[in-house]
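Please read the following points with the sequence and the model open beside you. They go from the whole chain to its sheets, and then to a few single residues.

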Amino acid sequence: MKRSRLGSCAALLGLVLLASAAPASSQPEIADRAPAGTVLDNFTFVGHSPLDGFNDYGDLYAHGDFAYIGSRCSSTRQGGDGVQVVDISHPKRPRLVGKLANPAFTRAEDVTVLDLRTPSFTGTLAVVGIQACFGSGHEAEVVPGIRLFDVTHPTRPTLLGHWDLPQGTIGCHEIDAVQRADRTVLLACARNLVDHQRSNAADSLHLVDATNPAHPRTITNWTLGANPDQGTGCLANQFAHSARFEDGGNSVYVSNWDAGTVHLDITTPTAPKTVSTTKTIPPDEDGDNHSMTLADNGKTLIINTEDFSPGDCPGDSTLGGWGEVYLYDNTNPAAPAFLGTFSTPNSRSTRTDGSFTDHNTEVTAGNQFFSSWYSDGIVWWTLAEHGVTQQRGHFVPPPRPDGSLASVWGVFIDTTHDVILASDIRTGLWIVKPKGLNHF
């Protein structure tokens, strides 16, 4: 890809200025108690921030006393809202204090933050995935990829570097970052479905060496090698939706939708080796592999399906209800064995007044499971031996003024403050505490 040097410098300068720009001085009013219509089943309300009012927020991450909430591309405002930086040192009073900027007509949907000590950088790094707003009419003008910010002082973020995908592509749908024991910093970029469909052979996963965050470089391009439009069920596609590092950065799990969850051994990052491929078909009728995590020191594999069948394919009874969580015994990582599933009453239904599928799941050290579940909010559940699951409670933000139901996208277990953070697509950051669980 060739770009004007002047244009590249101007774009980088613009991002630096935007990244360090102070937010509006006025702060939205913060409620002292849960708003009317909030569901608090075995949860206690702690705090809420509507953020900057963009009303199209993405995933979230917390580090120390700060939460970072991504943004998407709304129908009225085509991207460019950055990652919101919120001071949560007093969880009852979350305070918007800054923003990590992204270019116009792009979304900064996924973010992760980690402390680093390398020969080139010592401090706190925020890694942000950048995607073009497809359908904006400006796709060819933007450069998607990954942006890296120094957030050692979160209220004064600085853009350190960027890793770019070709101009005109859509970008990294989800990203992850890890520092390995050898101090190498690896980034993962899972490519957007649209890129797979356009090329039919797009690289599914990129591994990037960001040990020097100012000069990240590609070290591996891994390809799933599956036709993106030859899947199963309602959304019949095969593509790398997300990637997550495990085993201290010696493994990465790539969620490839209908093609399954692929566990790659990246002990040698330049030569990934497939350890296993776990497909939810059967017993699932749709087979969506949206994201994953591990529990019980890696002995349990959790696959989130994000199945929208009742909403996307109404009337097709063969596709069942909404998405649920699939559980596998991962004692032998080369051959995960199906244990069972977890779902909510709404996800087993075909009601369509909201979206009742799981999205992401995070797990405490004590094996308490918390899932973001769109209109079911945050669901707290547990796993016993032999795959037996039990729901312990759930929190749902109140309906919006227009009557539409909540749509919780992100979940984060904040061990610094012993609270659960949730990002609702329209209403911003919510902070709650599970009853009886004092320390995570």
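1. A definition comes before the overall picture: the radius of gyration is taken here over C-alpha atoms, and the globule rule used for comparison is 2.2 Å times the number of residues to the power 0.38. The model is a predicted one. For a chain of 440 residues a compact globule would have a radius of gyration near 22 Å, and because the chain has 20 Å, the value agrees with that expectation. Taken along the principal axes, the C-alpha atoms fill a box of roughly 55 × 50 × 45 Å.

2. Which elements make up the secondary structure of the chain? There are 3 helices and 30 strands, and a student may therefore wish to recall that strands of a sheet pair through backbone hydrogen bonds, either parallel or antiparallel. Of the 440 residues, 57% count as buried. The chain exposes about 17,300 Å², and carbon and sulfur atoms supply 50% of that area. When contacts between residues at least 6 apart in sequence are considered, 54% of them join residues at least 24 apart.

3. T261 deserves a paragraph of its own. If its neighbours within four places in sequence are left aside, T261 is in contact with Y253, V254, S255, S276, T277, T278, N289, M292 and I303. With one of these, N289, there is also a polar contact from side chain to side chain, at 2.8 Å. A further distance to check in the model is that between the C-alpha atoms of T261 and A240, which are 21 residues apart along the chain and are separated by 9.1 Å.

4. A second open sheet is formed by 4 strands in the order β20-β21-β22-β23, again with antiparallel pairing. Why is one side of β20 left without a neighbour in the sheet? Strands β20 (291-295) and β23 (337-342) stand at the edges, and because each has a single partner strand, one side of each is left without a neighbour in the sheet. The twist averages 25° from one strand to the next. Strand β22 (residues 325-329) and β23 pair in the antiparallel sense over 5 bridges, and in this pair V325 has F342 of β23 as its bridge partner.

5. Strand β27 (residues 389-396) pairs with strand β1 (residues 39-41) in the antiparallel sense over 3 bridges, with L40 standing opposite F395 of β27. Strand β27 is also joined to β26 (residues 378-383) by 6 bridges, and these two strands run antiparallel; here V379 has H394 of β27 as its bridge partner. The hairpin of β26 and β27 has 5 residues between the strands, and in this hairpin H386 takes a positive phi near 65°.

6. Two further buried residues can be read side by side, one from a loop and one from a strand. R400 is placed in the loop between β27 and β28 (408-414), and at 17% relative accessibility it counts as buried. Apart from its neighbours within four places in sequence, R400 is in contact with L405, A406, S407, D424, R426 and T427. T124 is found in strand β9 (residues 122-132), and at 8% relative accessibility T124 counts as buried too. With its neighbours within four places again left aside, T124 is in contact with H63, V113, L114, D115, F149, D150, V151 and T152.

Definitions and conventions. Residues numbered from 1 in each chain as written. Predicted model: local features only at pLDDT ≥ 70, side-chain atom pairs only at ≥ 80, totals over all residues. Heavy atoms only, no water. Contact = heavy atoms within 4.5 Å. Polar contact = N/O pair within 3.5 Å; in protein donor to acceptor, adjacent residues only side chain to side chain. Buried < 20%, exposed > 50% of the residue type's maximum accessible area, 1.4 Å probe, protein only. Areas by Shrake-Rupley, 256 points an atom, 1.4 Å probe, with all protein chains shown as cover. Pairing = 2+ DSSP bridges. Axes fitted to C-alpha atoms, helices over the stretch in contact; angles between N-to-C directions.
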